[in-house]
Amino acid sequence: MTLGGGRLRASRALLALLLLALGAGLWGCAQRAPRGESPPARALWAAFDSARHAARRATGGFSASGSLNYAGADGKAMRVEFQLWGNPAAPEGQGPPGADAAPRPLLRLDTSAGFGTPVALWREDALGIEGYIPGEAALYTHADPRAGAARMGLGVPLSLGDLAALVCGSYDGLVPESYRDARLLPEGGARYEFSAAAPVSVLTLDATGRPVVLAGRLRQTAWTLELGAFDEAAPPGPRRLALRTQGGATAIIRIKRAERGAEPWPAGRLALDVPKGTRIVPLELHETLDH
């Protein structure tokens with residue numbers, strides 16, 4: 001009995017050790033580093049992450065002006081001047097409902113042709129995006145700011161909040177907090193991949209950790225955005241954005257002026273006033289009928 005009991009205790013101890021080793025192996029798999037992870041890749045990501053978190057700490061209003069040159073796949077081209085202003089992170093109480101929901105941007109964008117002739121006026125808030133086209137006397141609305149901006153002819157697969165985040169250097173809502181794959185590039189820098197469901201699926205950082213290329217997909221259309229002419233002044237960020245889509249469209253955005261204020265813009269300065277009798281066109285309804 002004593003011998004049998006000793007064998008039983010030994011068997012239990014061996015089983016416990018095996019389970020402990022198996023558990024450690026499973027834990028190691030769960031905590032596995034991203035593919036291609038290396039100290040240089042981690043260092044570049046840390047530099048980028050530190051810069052964008054520093055940009056997020058600015059909570060005041062934002063304004064920028066510049067030009068947009070767009071050429072569609074059909075050969076049609078346009079050039080407009082724009083004014084973009086508002087609160088990249090909406091003041092408390094102006095975000096979407098729900099205590100855990102992150103504040104959404106509250107922004108306005110006006111575009112005009114030669115001699116200041118209005119082309120289109122946009123507003124983005126927690127409910128989505130709306131765009132007024134003076135020549136059509138119509139106010140178009142869409143709950144998805146990115147899809148709505150593209151449907152309304154903005155020319156880029158980005159929301160107003162995305163544009164403000166890019167110019168401010170925060171990349172909020174675009175680049176995820178962590179990556180799943182990293183690869184060092186021969187010319188310096190690194191390429192990071194994210195989930196296909198993320199707005200940006202690929203990010204390229206240069207040798208200093210600065211983002212120079214973003215790539216993603218909007219409704220089955222792939223796009224690539226090259227960033228350049230960086231300004232280190234507040235707000236720090238790119239002042240030239242070159243977009244190319246899979247379908248052959250291109251858009252060049254040049255930021256001539258960008259400023260960050262100490263206080264948020266008041267709601268009254270971000271309203272989109274349209275004439276009485278303006279038609280309201282929910283684009284989601286048209287998409288449902290189209291499909």
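## Overall composition

The protein chain exposes about 15800 Å², of which carbon and sulfur atoms supply 59%. The model is predicted. Its chain has 291 residues, and 41% of them count as buried.

The secondary structure comprises five helices and 14 strands. Among contacts between residues at least 6 apart in sequence, 51% join residues at least 24 apart.

## Helix H2

Helix H2 covers residues 39-56. Its 18 residues should span 26 Å at 1.5 Å a residue, and the separation of 26 Å between its end C-alpha atoms agrees with this. The buried residues of H2 are Ala41, Leu44, Trp45, Phe48, Asp49, Arg52 and Ala55. Seen down the helix axis, these buried residues fall within an arc of 135°, so they line one face of H2.

The cover over the buried residues of H2 includes the helix H4 and the strands E7 (181-184), E8 (190-193), E9, E10 and E13 (250-260).

## The nonpolar core

In soluble globular proteins, nonpolar side chains tend to be buried together. The largest nonpolar core in this model has 54 residues. Leu166, Val175, Tyr192, Phe194, Leu214 and Leu225 have the most contacts inside this core. Helix H4 (residues 160-168) contributes the largest share, six residues.

Tyrosine 192 connects several parts of the chain. Not counting residues up to four places away in sequence, tyrosine 192 touches Ala41, Leu44, Trp45, Tyr179, Asp181, Ala182, Ser201, Val202, Leu203 and Leu205. Ala41, Leu44 and Trp45 are among the buried residues of H2.

Strand E9 (residues 200-205) runs antiparallel to strand E10 (residues 211-218), and five bridges join them. Valine 202 has alanine 215 in E10 as its bridge partner. Five residues separate E9 and E10 in this hairpin, and glycine 209 in the turn has a positive phi of about 90°. E10 is in turn joined by six bridges to strand E11 (residues 221-231), again antiparallel. The hairpin of E10 and E11 has two residues between its strands, with arginine 219 in the turn at a positive phi of about 50°.

Eight bridges link E11 to the antiparallel strand E12 (residues 237-245), where arginine 240 is the bridge partner of glycine 228. E11 and E12 form a hairpin with five residues between them. E12 then pairs with E13 through five bridges, also in antiparallel fashion. Four residues lie between E12 and E13 in their hairpin, and glycine 248 in that turn has a positive phi of about 105°.

## Two buried strand residues

Leucine 243 belongs to strand E12 and stands opposite alanine 251 in E13. With a relative accessible area of 2%, leucine 243 falls under the 20% limit and is therefore buried. Leaving aside neighbours within four places in sequence, leucine 243 is in contact with Gly155, Val156, Pro157, Trp223, Thr224, Leu225, Ala249, Thr250 and Ala251. The C-alpha atoms of leucine 243 and proline 157 are 9.1 Å apart, although the two residues are 86 residues apart in sequence.

Serine 65 is located in strand E1 (residues 62-71). Serine 65 is likewise buried, with a relative accessible area of 11%. Not counting residues up to four places away in sequence, serine 65 touches Phe82, Gln83, Arg254, Ile255, Lys256 and Arg257. A distance of 8.5 Å separates the C-alpha atoms of serine 65 and tryptophan 85, which are 20 residues apart along the chain.

## Backbone features

Most residues other than glycine have a negative phi, and most peptide bonds are trans. Alanine 137 has a positive phi, near 50°, and lies in the loop between strand E5 (128-133) and strand E6 (138-142). At 36% relative accessibility, alanine 137 counts as partly exposed. Alanine 229 also has a positive phi near 50°, but its place is in strand E11. Alanine 229 counts as exposed, at 52% relative accessibility.

A cis peptide bond joins alanine 234 and proline 235, with omega about -5°. Proline 235 lies in the loop between E11 and E12.

Notes:
Residues numbered from 1 in each chain as written. Predicted model: local features only at pLDDT ≥ 70, side-chain atom pairs only at ≥ 80, totals over all residues. Heavy atoms only, no water. Pairing = 2+ DSSP bridges. Core = buried A, V, L, I, M, F, W, Y, C linked by side-chain atoms within 4.5 Å. Buried < 20%, exposed > 50% of the residue type's maximum accessible area, 1.4 Å probe, protein only. Contact = heavy atoms within 4.5 Å. Areas by Shrake-Rupley, 256 points an atom, 1.4 Å probe, with all protein chains shown as cover. Expected span 1.5 Å × (residues − 1). Arc of directions from axis to C-beta.
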